[in-house]
Amino acid sequence: MIASNETFVIAAYALTWLVLLGYVWRLVSKDGRARGDYARVSGRGEDLR
Amino acid sequence: MPTNDRSLDSSLPRRTGIWLAFACFAVLGAAQAYSISNSPAEGDMGHLQKIMYVHVPAAWMTFLAFFVVLVFSVLYLWRRREAYDLIAASAAEVGAVFNGLTLALGMIWGRPTWGVWWTWDARLTSTLVLFLIFIGYLALRGFVDDPGQRARWSAAVGIIGAINVPIVYMSVMWWRTLHQQPSSPSTLDPAYTLGLRLNAIALLLVMIYFIRRRYEIARLERAAEQAAQMAAMGGR
Amino acid sequence: MAWRDDWRRVRAIARKDVTTELRAKAGFNSVASLGVTILILLGLALGPDAQALRDAAVGAVWLALLFSGVLAFNRSFQVELESGALEPLLQYPGPRWTIFAGKLLGNLIFLTLMVTIVVAVGVVLFSVRIPSRWPTLLGVLALGVVGLVVLGTFYASMASRSRAREVLLPLLLFPMLVPVLVAATTASKALLGADLMHDADAWIRLLAAYDVIFLIATFLAFEHVIEA
């Protein structure tokens, strides 16, 4: 009983860190894409002028 | 045109330092380490009680995030400042993440405690409905292209959704009490409250970091959208 | 009197919508048929035991109403958009909320007709025994339908103008209708049984409060939603 309970506790903490770090990963990649888009779009704007 | 471009450049948000993220997660790790090592196995639940340190703060953060969505939605409709809309949207996304985490952790706790992954308890059900409202809010934002419409509509959905949350809670509570007693978690031992508070503060820091970071990205995306519009208007 | 003009506007919009539907008929017929079809499918999925069907009757009828109602709400704005009539409608003088009230009234009439058919079929298919307190039961149904129509019309005014109206409307609407579904089904079940505890009264109060709260909230919010 105790052993299986510990599995659940470990699963809970592992999931928490997985989700939080996963979201950090998503933020970082989204940030990269947004910066890339901005640079490309504003750069093209200057070319056209 | 060039002045416009420059003003956009200067208003571009700077990347919030990676060190802030490290600091937030270090605090969270420390709070978890402290509370785990300082809480003896609880009588009924054994070590399962330790799940509470992540589950309960995550639930608090979910509701706090939704409160932020409500406040900034009202502010947006009142003042019509784009920043308020973007903050509400960022809080909604972060809130949805914490909401999903809360539900999953609740299931992990419920399986060994109650013997089932899910039960139609008032808190569980209203948290689930809140999750669905978050999903609807984010879906709406994804499917509307005009920034003004997107902002006004999602603010309306955020406010109406927030009004609904207490009504859902009440109705499910009544619904349950007609069938069987609502499942109440065991009352909290004062020995555990310090650990709970520490974890809540740590998770609050993480959430603030997330919302801030998401808001910066949202501003970047808007800047890119505006630059694209300007390029299209100036170029063709 | 200003409110008289407003009321005339509301009626004009509602009459226009109802007339359009009556002339076309195809819209109403298909939505009502879908409601009946859902009932039949639920009967096949839950039957054929008569008692099991009787127990599930209320839930089945409400699910059929929700799923067919969603289509009706989207239609009411879709028809305007396809003929490009929403923009001129917004140009008309007078307060904007009259547009919402008119749409609401039109949808309410449309839904009332549909509910009558679906409930009648449900009573027959699920062999429901009509209880002595059937007027109260009708009251529960009416309050529930008002809640459904208020939020359905409100969300349809946004969802129908988005890129994914078919998915977006139920996604936004159904979580909001959880209290209506819970209250209406529980109260109806109590009324169909003995209701010794008089549970139904509390649920009726909850439904009435829900309707009033969201009627006010959606009227206030609609001004912001309809802006071009």
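Tutor: Let's start with Arg111(B): leaving out residues up to four places away in sequence, it touches Phe8(A), Val116(B) and Trp117(B). Touching here means contact, that is, C-beta atoms placed from the backbone and lying within 7 Å of each other. What you're looking at is a predicted model, in which local features need a pLDDT of at least 70 and side-chain atom pairs count only at pLDDT 80 or more, while totals for chains, interfaces and linings use all residues. As for labels, residues are numbered from 1 along each chain as its sequence is written, and chains are lettered from A and ligands numbered from 1 in the order in which they are written.

Back to our arginine. Arg111(B) sits in helix H4 of chain B; helices (H or I, at least four residues) and strands (E, at least two) are DSSP runs, numbered from the N terminus. Arg111(B) has 16 C-beta neighbours inside 10 Å, so it counts as partly exposed. The scale works like this: with C-beta atoms placed from the backbone, 20 or more others within 10 Å makes a residue buried, 12 or fewer makes it exposed, and anything in between is partly exposed.

One of the partners of Arg111(B), Phe8(A), belongs to another chain, so let's follow that link. Where chains A and B meet, 28 residues of chain A are in contact with 33 residues of chain B. On chain A's side, 16 of these residues are nonpolar, 5 polar and 7 charged. Nonpolar covers Ala, Val, Leu, Ile, Met, Phe, Trp, Tyr, Cys and Pro; charged covers Asp, Glu, Lys and Arg; the others, Gly among them, are polar.

Now slide back along chain B to the loop between helix H3 (52-79) and helix H4 (82-114), where you'll find Arg80(B). Arg80(B) has a positive phi of about 55°, even though it isn't a glycine, and it comes just after H3(B). With 14 C-beta neighbours inside 10 Å, Arg80(B) is partly exposed. H3(B) itself passes a simple length check: its 28 residues, at 1.5 Å a residue, should span 40 Å, and its end C-alpha atoms are 40 Å apart, which agrees. The expected span is 1.5 Å times one less than the number of residues.

Zooming out, chain B has 7 helices and 0 strands. Of its 236 residues, 43% count as buried. Among contacts in chain B with a separation of 6 or more, 79% join residues 24 or more positions apart.

Confidence is highest in H3(B), at 93, and lowest in helix H1 (residues 2-11) of chain B, at a mean of 45. Residues 1-8 of chain B stay under 50, and the model has 9 contacts for them beyond four places in sequence. Residues 179-184 of chain B are below 50 too, with 8 contacts beyond near neighbours in sequence. Where pLDDT is low, the predicted coordinates should not be read in detail.

Chain B also meets chain C, in a contact that takes 25 residues from chain C and 26 residues from chain B. Helix H7 (165-176), helix H8 (178-192) and helix H9 (199-226) of chain C each supply at least two residues to chain C's side. H9(C) gives the most, 10 residues. Chain C's side divides into 18 nonpolar, 4 polar and 3 charged residues.

Chain C has 9 helices and 0 strands. Its radius of gyration is 18 Å, close to the 17 Å that the globule rule gives for 228 residues, so chain C is as compact as a globular protein of that length. That radius is taken over C-alpha atoms, and the rule is 2.2 Å times the number of residues to the power 0.38. In chain C, 44% of the residues count as buried.

Ser127(C) lies in the loop between helix H5 (97-125) and helix H6 (134-159) of chain C, and it is exposed, with 11 other C-beta atoms within 10 Å. The mean pLDDT of chain C is 87, and 97% of its residues reach 70 or more. For the complex, the predictor gives an ipTM of 0.88 and a pTM of 0.87.

Technical notes: Two residues are in contact if their C-beta atoms, placed from the backbone, lie within 7 Å. pLDDT is the predictor's confidence in each residue, from 0 to 100.
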